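Dear colleague,

I am handing over the structure below for your reference.

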Amino acid sequence: MTTTAPAGTSGTDVRLTGISKTYGSFTAVHPLDLTVPAGSFFALLGASGCGKTTTLRMIAGLEEPSTGTVELAGRNVTGLPAYKRPVNTVFQSYALFPHLDIYENVAFGLRRRGIKSVKKQVDEMLELVQLGDLARRRPQQLSGGQQQRVAVARALINHPQVLLLDEPLGALDLKLRRQMQLELKRIQHEVGITFIHVTHDQEEAMTMADTVAVMNAGRIEQLGAPADLYETPRTTFVANFLGTSNLITADVLDTSGDDILLRASHTKLALPATRCTASARTGEKLLVGIRPEKITLTHADDAGSVPDGRNRITGRITESSFTGVSTQYLVDSPAASGLSVYEQNIERDSRLVPGAEVVLHWNPGHSFGLDAAQNIEAGTDVEAEGAG
Amino acid sequence: MTLTTTTGEPAVSDGATARRKKLVPYWLLIPGILWLLVFFAAPLVYQASTSLQTGSLEEGFKLTWHFGTYADALGEYYPQFLRSIGYATAATVLCLLLGYPLAYLIAFRAGRWRNLLMVLVIAPFFTSFLIRTLAWKTILSDGGIVVSTLGSLHVLGLTDALGLTEGHRVLATPLAVVCGLTYNFLPFMILPLYSSLERIDSRLHEAAGDLYARPLTTFRKVTFPLSMPGVVAGTLLTFIPAAGDYINAELLGSTDQKMIGNVIQSQFLRVLDYPTAAALSFILMAAILALVTLYIRKSGTEELV
């Protein structure tokens, strides 16, 4: 595979300072600060209408920010129109020029900058996205996945300092999405340009990006590496939007030790103080979160076999569904109802059927603590579709 | 994987129903075909035969396959032919220059005024073609506001030098006829232009801007090429009727501005030389067909979406 980027090309950092966008009385993006490090694969994740696409368009120069500045490699580009910015965009619907063939679509940016001999670069770029033999086709003669690759090639050939991707995989079916995710990741590795990727698909964001910013209602809720966001969400929105979380409302009993001690119904729970982002005061409430796959399910008859030092909750299975890799259970308990538990299908206990009395237990170190003042349901019902 | 293939339709037990369904498109074509036969094909054949007849009104015309009429007609009236093509071309170019910016404005910038502006474009159709052309006679009348303004701006001197006007008159000059043609056929230019501009995805403009195209380059490289179907349709809808028009030359021109339409009209209705009139009609039709074919080939619209 040939690399088109000149050796040593690396992207530039993008710095947004106090940037916001309002349309009349509607605020699409609340003032936000954001720094995207050079050469990183950065994802803006959120449900539709959360302001992620607007943020991207402000970086591209397609939308003028109401306040704040956009800096590329330390240079303020806020006032520059799109055609003067060293960034390129892969549009959601690709926006390929229907009157030009693939070759001319890819060459478009080079020609606009007055580069005469484009053939070598275009051929190399088409090779990079594996479309060399389709150069003379029209966009509408290509499949969705091929069009998507043309859109990437058309943007990348300009060696932008930053490549912006606006839901680039939204129109593809699941299998092709998976393939293109790896493809984009490979291309980013090869060219080393800063990628900013907007998506509503949390799995896509986590698979592809080094850093994910979760956006909600025009604000960034949390920013970090995918594993950090998943393991220690700081808000109920992030906890629910990124995967599934069990959130249990509990009373704080003691905050003196390394572990905060809590009580939910008649059950005592422990939570490492370092994994609690909310301030915990004795007598007040706290949300204890635990991911479904971190919980082990043991039949009540074997309750004695559960090791000491684990958080344990008793309950009754209300539903179970077999998904192949795992079995998903819903458990009602006095502490919380509708707890979900994913058990890997290694040694299946045939007694674990709806109606069975069970003990749920987990390593306290896997729990996380959240401020109980938040909406416990935030982020659960956003089945995100389409653009943000 | 083996699956029993099932057709989308319910099991066809009734063969007659299926056959009737197949015939529906043909039944639907009948009114259109009848219309074309009665009002297009039949007159065409009749005129073709007329053009090859000889004789006089008193003795009656007989079909003698006299092709010489064509040569005679062309030899005598070629100035009017050339003038028709010239005026129609000028009017078409003017319509394009006036109509494109307007269609562009309505399609991309008008916002909620869009529908109102479209109504205004077709508003002239609410009055008769004849009345509108007569109105231009008043507008361009000697000593009227238009003429005196143009005169005081020394525009008339310039157009006079170019042979478009004569002295202090606009009426009864080529300029008047071209103005009338332009005015009357402008909506036929704007409507197809608008509909092809309006279909252009605005994200293509953004994409062009994102790829370093300045606004003017975006227009040249993206907007205009994508509006070519509208340009071609608009120019044809303007040029073809303008080339055959005789009302504008009749009302706004003098004998020096006679177009081929005027000749055909007078041959048919005043001179009563039916073969010559019919032959002129066929020559006009052939000329337009040839020009249009050449034009469509050149503009390469068959490749456009």
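In this predicted model, 26 residues of chain A are in contact with 20 residues of chain B. Between the two chains an area of about 2100 Å² is buried, and carbon and sulfur atoms give 63% of it. On the side of chain A, three residues supply more than any other three: A:Tyr83, A:His99 and A:Arg112 provide 32% of the area that chain A buries against chain B.

Turning to chain A itself, I would draw your attention to strand β3, which covers residues 41-45. The strand is mostly covered, with 5 of its 5 residues buried. In a regular strand, side chains alternate between the two faces of the sheet. In β3(A), A:Phe41, A:Ala43 and A:Leu45 point one way, while A:Phe42 and A:Leu44 point the other way, and all are buried.

Two partners of β3(A) may be described together. With strand β8 (residues 194-199) of chain A, β3(A) pairs in the parallel sense over 5 bridges; here A:Phe41 stands opposite A:Phe195. With β9(A), β3(A) also runs parallel, and 4 bridges join the two strands. In that pairing A:Leu45 stands opposite A:Val214.

The phi of A:Ala217 is near 50°, a positive value in a residue other than glycine. Is A:Ala217 buried, partly exposed or exposed? Its relative accessibility is 49%, so A:Ala217 counts as partly exposed.

Another part of chain A forms an open sheet of 5 strands, in the order β15-β19-β16-β17-β18, with antiparallel pairing. The edge strands, each of which pairs on one side only, are β15 (296-299) and β18 (339-344) of chain A. From one strand to the next, the twist averages 45°. Within this sheet, strand β16 (residues 311-322) and strand β19 (residues 357-362) of chain A run antiparallel and are joined by 6 bridges. A:Arg312 has A:His361 in β19(A) as its bridge partner.

I now come to chain B, beginning with a pair of helices. Two packed helices are described by the angle between their axes and the distance between the axes. Helix α2 (residues 68-109) and helix α12 (residues 260-271) of chain B pack at an angle of about 135°, and their axes are 8 Å apart. Angles over 145 degrees would count as roughly antiparallel; α2(B) and α12(B) are therefore oblique to each other.

Which residues of α2(B) and α12(B) meet? From α2(B) come B:Tyr77, B:Gln80, B:Phe81 and B:Ser84, and from α12(B) come B:Ile260, B:Val263 and B:Gln267. By class, this contact has 4 nonpolar, 3 polar and no charged residues.

Finally, chain B also has a residue that is not a glycine and yet has a positive phi: B:Tyr212, at about 70°. B:Tyr212 lies in the loop between α8 (202-210) and α9 (215-226) of chain B. Buried residues are those under 20% relative accessible area. B:Tyr212 has 12% relative accessibility and therefore counts as buried, whereas A:Ala217, at 49%, counts as partly exposed.

With kind regards

Key: Residues numbered from 1 in each chain as written. Chains lettered and ligands numbered in written order. Predicted model: local features only at pLDDT ≥ 70, side-chain atom pairs only at ≥ 80, totals over all residues. Heavy atoms only, no water. Axes fitted to C-alpha atoms, helices over the stretch in contact; angles between N-to-C directions. Parallel < 35°, antiparallel > 145°, perpendicular 65-115°, else oblique. Contact = heavy atoms within 4.5 Å. Nonpolar A, V, L, I, M, F, W, Y, C, P; charged D, E, K, R; others polar. Buried < 20%, exposed > 50% of the residue type's maximum accessible area, 1.4 Å probe, protein only. Pairing = 2+ DSSP bridges. Buried area = accessible area lost by both parts, 1.4 Å probe.
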